[in-house]
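User: I would like to go through this model and ask what stands behind each term. Please set the values against the definitions.

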Amino acid sequence: MNEAQYIWKDGKLIPWAEATTHVLTHTLHYGNAVFEGTRAYMTKRGLAIFRLKEHTKRLLDSAKIVCIKSPYTQEELEKAQIELLKANRNDYKGNVYIRPLIYLGYGVMGLYHMNAPVNVAIAAWEWGAYLGEDGINNGIKVKTSSFVRNPVKAFMGKAKAAANYLNSQMAKHEAVSCGCDEALLLDDNGFVAEGSGECFFIVRNGKLITPFYDNTLESITQATTIEIAKDMGIPVEQRRITRDEVYIADEAFFTGTAAEITPVRELDTRIIGNGKAGEMTKKLQEVFFALVNGENPKYAHYLTYID
C-alpha cells in the first residue's frame, strides 16, 4: 500500500502508523461498520474529489441503516476529507482513493451494539486502476459466482456495510482461484445482481441495460454512467438480466469507484462481443475520464478541488 503521512481519526490528523485500534474493538468481532470508497483525481488544476457530497451522504445513510449514530455531520465529514488531502498533498503524485470508515470501538462486548463508542477514521492513498490498466483498456475475464448476492430478505444491501463484504470477498477469492479477474453475483432468484464490488451493464442492439436497484448497492458511478449515456443520446433501460443474456450481449462492463468503467471481455468461458472493449463502452469511458479529470465543464459541479 502507498502510505501517506496522515490519517484523520476522530477529529484529528495523526501519523499513518499511529492509526491503530484495540483488539477488542466491537466491529472487529461483530462486523458492524460502514465505509465509503471515493476517488480524487489529479487534474490539471490539481487534486479534485469526485462527487464528494454524494459519497458522504451515502456513508451517513449506511450508518443510519445499521443503527450507528455518526458523531459528525455531513459538512464536518466533507471538510475532514478535504483537510486530509491537503495535509497529504505532497505524498500524492497521481489519483487518490479515499476510505472513510464509521465503526464501533473498544468498550463493550456482546451482540448488542448501542452502548459501543463510535469512531470515525478517514484514510487516503495513491491508488491506480483497481482491476488493472490492461483491464480498463482490453477488458477482464469474469466468472459467475457460486455465491449469490446477499438477499434483501436476509440483510440490508443498501448499506455499504463491512459485514456485507464477506460474501463479496469469498466470491472474489473463488473467481481469482479459477483463473478469472472478477466475479459476477446473481441474486437469489438467479438474475444478475452485481460484481463483488461493482455494478454491471450490458449493451444489446444499441441499448445500455443495467439491473434494477432492488438487489444492488445504489452506485454513484452507475448513476453517473447512466447520466452520461442519456446525455449522449444512448437509450438506457433498467431491468432484470439473465446470465445467458450476458453471454450473447454485444458488450458488457463493470462500474464502481474503484473499477471506474472496466470492460468485460469474457464470462464463464464465453467471449462477450468481439472479446475487447466495445465501441459504446469506449465512448462512455472517454466521457467519464474527461469528466473526472476536469476536462468537461458540463459536469464540473461533480468535482471538489483541493486548493
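**Terms and values**

Analyst: The secondary structure of the protein comes to 8 helices and 17 strands. Helices (H or I, at least four residues) and strands (E, at least two) are DSSP runs, numbered from the N terminus. This is a predicted model, in which local features need pLDDT of at least 70 and side-chain atom pairs count only at pLDDT 80 or more, while totals for chains, interfaces and linings use all residues. Residues are numbered from 1 along each chain as its sequence is written, and side-chain values use heavy atoms, with hydrogens and water left out.

User: How do you know that the radius of gyration agrees with a compact globule?

Analyst: The radius of gyration is taken over C-alpha atoms, and the globule rule is 2.2 Å times the number of residues to the power 0.38. For 307 residues the rule gives a value near 19 Å, and the protein has 19 Å, so the two agree. Along the principal axes, the C-alpha atoms fill a box of roughly 55 × 45 × 30 Å.

User: Why is Arg-39 called buried?

Analyst: Buried means under 20% relative accessible area, exposed over 50%, and partly exposed in between (1.4 Å probe, protein chains only). Arg-39 has a relative accessible area of 2%, so Arg-39 is buried. Across the protein, buried residues make up 53% of the 307 residues.

User: Where is Arg-39 found, and what does the side chain of Arg-39 reach?

Analyst: Arg-39 is found in strand β4, residues 38–43. The side chain of Arg-39 reaches the backbone oxygen of Thr-257 at 2.8 Å, and a polar atom of that side chain lies 3.0 Å from the backbone oxygen of Ala-258. A polar contact is a pair of N or O atoms within 3.5 Å; within protein, one must be able to donate a hydrogen and the other to accept it, and residues adjacent in sequence count only if both atoms are side-chain atoms. Arg-39 and Ile-49 are 10 residues apart in sequence, and their C-alpha atoms are 5.9 Å apart in space.

User: What makes Cys-67 partly exposed?

Analyst: The relative accessible area of Cys-67 is 45%, so Cys-67 is partly exposed. Cys-67 lies in the loop between α2 (52–65) and α3 (74–87).

User: What is the phi of Cys-67, and which class does Glu-260 have?

Analyst: Phi of Cys-67 is near 65 degrees, a positive value in a residue other than glycine. Glu-260 also has a positive phi, about 55 degrees, although Glu-260 is not a glycine. Most residues other than glycine have a negative phi. Glu-260 lies in strand β15, residues 260–267, and has a relative accessible area of 5%, which means that Glu-260 is buried.

User: Why is Thr-210 called buried, and what does Thr-210 touch?

Analyst: The relative accessible area of Thr-210 is 0%, so Thr-210 is buried. Thr-210 is found in strand β12, residues 207–210. Contact means heavy atoms within 4.5 Å. Not counting residues up to four places away in sequence, Thr-210 touches several residues, among them Phe-200, Phe-201, Gln-222 and Ile-226. The side chain of Thr-210 reaches the backbone oxygen of Phe-200 at 2.7 Å.

User: Which residues is Ile-82 in contact with?

Analyst: Leaving aside neighbours within four places in sequence, Ile-82 is in contact with Ile-49, Leu-52, Thr-304 and Ile-306. The place of Ile-82 is in helix α3. In the whole protein, residues 24 or more positions apart account for 71% of the contacts with a separation of 6 or more.

User: How do you know that Asp-268 is buried, and what joins the side chains of Asp-268 and Thr-144?

Analyst: Asp-268 has a relative accessible area of 15%, and therefore Asp-268 is buried. Asp-268 lies in the loop between β15 and β16 (270–271). A polar contact of 2.6 Å joins the side chains of Asp-268 and Thr-144. Beyond four places in sequence, the contacts of Asp-268 also include Val-142, Lys-143, Arg-243 and Tyr-247.
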